Amino acid sequence: MRITRYSRFALLSVFVAASGCGKKEGPGKQASGVPAWPEHRLDNTADWGIYRGDQGGTQYSSLSQIDTTNVHLLEVAWEYKHGLPEGPGIYSNPIVVDGLLYFTTPRVNAVALNAETGEEVWRFDPAPHNDGRIFRGRNRGVTYWEDRNGENRRIFVFVRDRVYAVDAGTGELIAPFGQADDAVFIDLRENLPVPYELVDIEVTTPGSVFEDYLIVTSRVQEGNTTTPGDIRAYNALTGKFEWIFNTIPLPGQFGHDTWEFEPGMHYGGANAWGGTTIDEKRGWVFAATGSAAGEFIYGGSRKGDNLFANTILALDARTGERIWHYQAIRHDIWDYDMPPAPILATITTASGKRDVVIQLSKMGLTWVLDRDTGEPVFPVVDLPVPPSTVPGEQAAPTQPFPLLPPPLNRLQMHESDITDITPEAHAHVLEIFRRHEPGFLYTPATIRGVITMPGHLGGAEWHGGSFDPATNVLYVNVNELPSIHSLRPLDPDNLAREMTGVQRGARIYNANCTACHGPNRAGNLPLFPPLTEVRLSADEIRSVLTEGRGTMPPFAHLSGEELDDLIAYLRSDPSEGADATPVARDGDDGEAVPVWSGGSGPWAWSTTTPQYANMAPFFVDDRGYPAIKPPWGTLNAVDMATGRILWKVPLGEYPELVAEGIRNTGSLNMGGAVATAGNLVFIGATVDEKFRAFDKYTGRILWEYQLPAGGYATPSVYRIGGKQYVVIAAGGSAKPMTPEGDSIIAFALPD
């Protein structure tokens, strides 16, 4: 589609120009005659007025009132309940500005609390401005902005594919705001080089602000009907469109020749779903992108290196122009995104200070790049990796591999790594292990199935890490949960036999749902339960498929007939939808070229490249625990000046295993760490639903608190009224799938 469909729209030439020269004044320059913006008053490590703490995303607090000698005295200062505990939980990292604490609920209501008492000041519900529709989704918070005079103070609320501006003091909607003169929100389905009706995006991470630019990224689906993950900027005062950077290059743009575009196919993804960070001094914005689409662990129709997917980017924040890039993975066929935005750090070495960019990844690899040039600070080798054995695929022959810091997790599962928490678990895993191929980090998926480490939910996730500028140390939590990557051939449309509605539904399921819910609706523990006994009515299933629910996105590209077939399959006996052996239809001569197709209307796609159901179940034991020996989750301290790992400790436990005497396993963890000048590292994140403080020099636990629900968010640290607070959202649910909660809890020392 990047060739055939985009060329049908007159907007193409506009966007080619916009991506390269959205402003006239050039990189890093103010427009002539315009006074320089004052220094960003919240870009510091004390106030927590910005998502992840500051513009560089360092997740560090310079406050030290709470330290290693008194942290054991911490107590609940206040607790606020938003009133609707539900999935997908509260991912929000609260920000604090002028005495108010701001966060978002699972329904993406923005709430302002008195940061000293926890009392609600206002709540903004976007549903009345969305035809009454309630959207539930992952959302990590809001963004504060004020103009150069400290006026027009507003909170930006990101609700699926819209951005609302509300008054920071009252929560009242600000209008007009958006592309049209009478708009009340920025419509993120506009200003993309694809037709409006094809756009399917969701903003899960708050945007960044630089001067009067609001810079927005997005989450997109994975598959053959995916929206491009372009990075855009809007005017923070008016909501008008400013610039775009095309992460999938258009014809004539740098990097376009790294793709082999097929006529009739859609191309999307390459999105910076973890947001961006800002270098105020340079006037640059930094982002890291995920894998390209179509498909998930297969890229047959998108051959080539696929720039700018899986790439660390430095862009001019005023124009969107590319300053430098570093592609960390070529032709990603493992779903190895770069989940968090880059961390902007200044490390101190024997030769002086150096500004760097630190990029964490799902692989557990860490790239440290010079901030001015994008060149690696530590050695990186071009590692030969296995070729694909699947017809239609063409894996990259080599991948960049940083030698320092060392990997934060295991990169391959051997038989000696099989879990030994119980004899039954070991036997169960061993039998499955011997049916598949153990592969190194970059082994492509096969028909038989490759056991991949650390898995597509492994390594460092969206929460990023915490950098301590006083010690050069990065604190980061990682997961180790192996996956089994396999590809099931899909029948060509023109050679497949006539099917029943249930069988057609099975094909639709295989093409769209297996990556999460597994083959034959068997589930994908520990996150996705089986769908073999769906008890929802047909109308209820249709509502979930068209509107999404929790972490599941809507499937807007499916036609009404396709939805009918998929619903019939989901409500059927699983064996009814089993794939049939392809046979020629009456009248076929058997010599036809195989053709695969899907979608409908503007979503339609067609190709002669073989297509597969992408299956990536987590590899777990008989009770749903990771198939590999513990630790399954760790907290790591890494010296960024030398690249050495200083310490590594298990993070979290499973209460039911603790009851059996099985301790220190580490657990699946979602949510980031925050280091402080009080020599502490605070982190929730774990399935045992505890909030902990670690000694940042030794990794020893100094304090822990049992939360009412899982704290799958990054804590915030701030000072108000002379007292230091540590606050965390305890919303449960989320990826670990523990019970829902609705609490925001602040801790402080007793008076």
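A polar contact is a pair of N or O atoms within 3.5 Å; within protein, one atom must be able to donate a hydrogen and the other to accept it, and residues adjacent in sequence count only if both atoms are side-chain atoms. The model is predicted, with local features needing pLDDT of at least 70 and side-chain atom pairs pLDDT 80 or more, while totals for chains, interfaces and linings use all residues. Residues are numbered from 1 along each chain as its sequence is written, and side-chain values use heavy atoms, leaving out hydrogens and water.

**View 1. Surroundings of Gln59.** Gln59 sits in the loop between helix 1 (11-21) and strand 1 (60-61); helices (H or I, at least four residues) and strands (E, at least two) are DSSP runs numbered from the N terminus. A polar atom of the Gln59 side chain lies 2.9 Å from the backbone oxygen of Ala673, and the side chain also reaches the backbone oxygen of His463 at 3.5 Å. Gln59 has a relative accessible area of 0% and is therefore buried (under 20% relative accessible area, with exposed over 50% and partly exposed in between; 1.4 Å probe, protein chains only). Beyond four places in sequence, residues in contact with Gln59 include Trp48, Arg52, Gly672 and Thr714 (contact: heavy atoms within 4.5 Å).

**View 2. Thr58 and its contacts.** Thr58 is in the loop between helix 1 and strand 1 and is buried, because its relative accessible area is 8%. The side chains of Thr58 and Asp54 make a polar contact at 2.8 Å. Leaving aside neighbours within four places in sequence, Thr58 touches Thr45, Arg52, Ile343, Leu344, Gly465, Ser466 and Phe467.

**View 3. Strand 19 between its partners.** Five of the five residues of strand 19 (residues 284-288) are buried. Trp284, Phe286 and Ala288 point one way, Val285 and Ala287 the other. Strand 19 pairs antiparallel with strand 18 (residues 276-279) over four bridges, where pairing requires that DSSP finds at least two bridges between two strands. Thr276 is opposite Ala287. Five bridges join strand 19 to the antiparallel strand 21 (residues 311-316), with Phe286 partnered by Ala314.

**View 4. The largest nonpolar core.** A nonpolar core is a set of buried Ala, Val, Leu, Ile, Met, Phe, Trp, Tyr and Cys residues joined through side-chain atoms within 4.5 Å. The largest has 32 residues, of which Met413, Ile421, Phe619, Trp632, Tyr654 and Leu657 touch the most other members. Helix 2 (residues 423-433) gives the most to this core, five residues.
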